[in-house]
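Visitor: I'd like a close look at one part of this protein, please. Could you pick a spot where helices pack together and walk me through it slowly?

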Amino acid sequence: MKETRGIPCQANPPEPMDNQSFKQYRLKKEPTASKIDFKAELNSEQYQVVTGGDGPCLVLAGPGSGKTRTLVYRVAFLLSQFIPPDRILLLTFTNKAAREMLRRVELLLGRYPTGLVGGTFHHAGNLALRRYADRIGYRRNFTILDRSDSKDCLAEVVGEMRLGKERYFPKADVLQGIISFSVNSCQDLAAVLDRQYPYLARFQSEIERAAAAYQARKLAANSMDYDDLLSQWNRLLVYCPEARDYFQDRFRSILVDEYQDTNRLQFEILKSLAGRHGNLMVVGDDAQSIYSFRAAEVRNTLDFKKFFPGARIARLETNYRSVPEILELANRSIAHNQNQFPKELKSTRPAGPRPVLVVTQNAFSEARFVAQRLLELREEGTALSDIAVLFRARYQVTELELELAARGIPYLIRGGIRFYEQAHIKDVLAYLKLLVNDRDELAWRRILLQLDGIGPGYFRRFWSRVSAAPVPMETFLEPDSSSGLPFRSRPGFAGLQKLFRELRRDEYAGQPAAQIKAVLEGDYRSYCLSNYTDGPERLREIEELARIALQAENTERFLAETVMGENFKGESFDGNGGEEQEMLTLSTIHQAKGLEWKAVFIISLADGRFPFARALEEPEGLEEERRLFYVAITRAKQYLYLMQPVIEYGWEGNQVQRLSTFVQELPESDYETWLAGDSNGSAG
DNA sequence: TTCCAGACGTTTTTT
DNA sequence: ACGTCTGGAA
């Protein structure tokens, strides 16, 4: 999978498209697409979409209407029309959705079509920038900052500018949110402050200065944050005609899944990419727009026709997934929203069981019920892998995790802390980052602060000297480069120099797995064991990381994919590491989008937990939460359990919680109600 | 300046 | 219960 995806990162300028090389693709590589009998395999709605002509097209698709399938078949159709795979761009929003999409392309065609670029917007942005970053002032070997890196960087900037001294000046977290929203929504900071942070408006000029300094800092470190992968890509398309021409020519067909989640910035990118030919097919469902906190613009969907005059609009309103009882519940729920395209979803499935509201005493009895019921379902023939438990926020699932662990039920948890965001993983990645980009200030910082006797102060001195050098790594490796650092740090510093001398030898070049091993064999193993109580476990994870790295093409690619979260299926390790093992899925609703299970439990359906209290502070908050509920319900094919814990086991004693608004507003005839039988809902 | 200990407040969703 | 912040000692 790794080597077949994406634009190769080559140093030379793009070659012109020539038909000769495309012919080879047609004849040798993609015979399968032309053999597909589209008419036989698709229903009439889907067929219209799949075989429709070029030009802009908006597909409004309800849940379970086979929209990803339609998109995948559209790709196959294009290939069968002799369009070479490398002239197709397939975009979506999350890694999860991207993986699913690409998996199905592969499944349908028998193999991944060589050259087809598919993945998240960030993935595509990364590839585009690897090719052209030098045109906008960066170098092509830039490294990528994850959320906490960029937060640290921002905190550093604020500290140096002495802005933090102002009372109530926003903390780095908040600042990052503001800046990120401004970038993604293409609004200037003043507008964002005005509309969403009026209480911070008095800091406007300071925030603007901090944002500018942050941007400059990243440029100097030759590193980009997640937002840069989009905004710099967009800059490239706007300011570099050569790059724009290249991408406009190269991608003669662009397909976007989960379009309702795109934001203004992504829209601008799409406009540039599809600007010349307009061959843009987007598929989405406004009722499933759940990323407004990331500046998703439902207007992109609602006003598609305005932006792309002459656009076709197609609808997929048949639902193949859920039994009518579940679909009925979903339709009733979403009808409470004002802002939407009303849709008439029809189920094709025969009648099934009614959804069930299960009232339990508290989160522990809720967990017990779920565990017990899912074992029964398994007895009745539903595979564990066909069951999911969905929740609004990560912390809501802890009681269930305990219960599952106690019963030895295997599960895969999605959402929450990501594998690559853990300290020990980031530590190791920092070494690799320096091998790729020795201007990466945050990587240097991370590594040097591990040394005894070096803190932020000494690091600053070190970096102001070394960053001025033409090649920071060379300067670092010079014998006297530790001058100015405290005596105590000298052994560690020398060890670090030795490690990097080793890592720069040819046999490590482009071999991230070998590099990771060398880092471990340096001082990191001891560091890990002496700093973390669960050191051995962390080491095991690092070895796992090395195993994954074996698959990577080179270090640069490995780092980018890892930081963008593409390398880990479940974002965390499961005990057995077996992919095919029968496992229950635990997932945030956000991450569950686009997936389906035979049986679905939605836990924590109490006001305040879901709808989530803090989300209601936003103006459109309740509607977005309801869309989230809608997404959750429509994941279920046959069995749907709505779980209500009555008593909140909180810090300030126990409190009775109201049933979630989203269930209350449904007619009681649409579901059954069960009272979970166990009375000893003790807090274990 | 670094580093440790203890207090504090805090808990969304993703790239 | 968990990372982040603060203050004080080395």
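**A pair of helices up close**

Guide: Let's start with who touches whom: in α17, the residues Ala363, Phe364, Ala367, Arg368, Val370, Ala371, Gln372 and Leu375 meet Glu399, Leu400, Glu403, Leu404 and Arg407 in α18. Keep in mind as you look around that this is a predicted model. If you sort that contact between α17 and α18 by class, you get eight nonpolar, one polar and four charged residues.

Now for how the two helices sit. Helix α17 covers residues 363-379 and helix α18 covers residues 398-407; their axes come within 8 Å and cross at roughly 45°. The crossing of α17 past α18 is right-handed.

Here's another pair to set beside it. Helix α19 (residues 423-436) and helix α24 (residues 512-531) have axes that come within 10 Å and cross at roughly 125°. That angle makes α19 oblique to α24, and their crossing is right-handed. On the α19 side, the residues involved are His424, Asp427, Val428, Tyr431, Leu432 and Leu435, and they meet Pro512, Gln515, Ile516, Val519, Tyr524 and Tyr527 in α24. By class, this contact has nine nonpolar, two polar and one charged residues.

Six strands make up an open sheet with parallel pairing, in the order β3-β2-β6-β7-β1-β8. At the edges stand β3 (117-120) and β8 (312-316); each has a single partner strand, so one side of each is left without a neighbour in the sheet. On average, neighbouring strands here are turned by 15° against each other, ignoring direction.

Strand β2 (residues 88-92) pairs with β3 in the parallel sense over four bridges, and leucine 89 stands opposite valine 117 in β3. Helix α6 (residues 121-132) lies across β2, β3 and β6 (253-256), running at about 125° to β3.

One last stop, this time in a loop. Glutamine 187 is found between α8 (172-185) and α9 (189-196). The side chain of glutamine 187 makes a polar contact with the side chain of arginine 195, at 3.2 Å. Leaving aside residues up to four places away in sequence, glutamine 187 touches Phe181, Ser182, Val192 and Arg195.

Note on methods
Residues numbered from 1 in each chain as written. Chains lettered and ligands numbered in written order. Predicted model: local features only at pLDDT ≥ 70, side-chain atom pairs only at ≥ 80, totals over all residues. Heavy atoms only, no water. Pairing = 2+ DSSP bridges. Axes fitted to C-alpha atoms, helices over the stretch in contact; angles between N-to-C directions. Contact = heavy atoms within 4.5 Å. Parallel < 35°, antiparallel > 145°, perpendicular 65-115°, else oblique. Left-handed = near helix turned anticlockwise from the far one by under 90°. Nonpolar A, V, L, I, M, F, W, Y, C, P; charged D, E, K, R; others polar. Polar contact = N/O pair within 3.5 Å; in protein donor to acceptor, adjacent residues only side chain to side chain.
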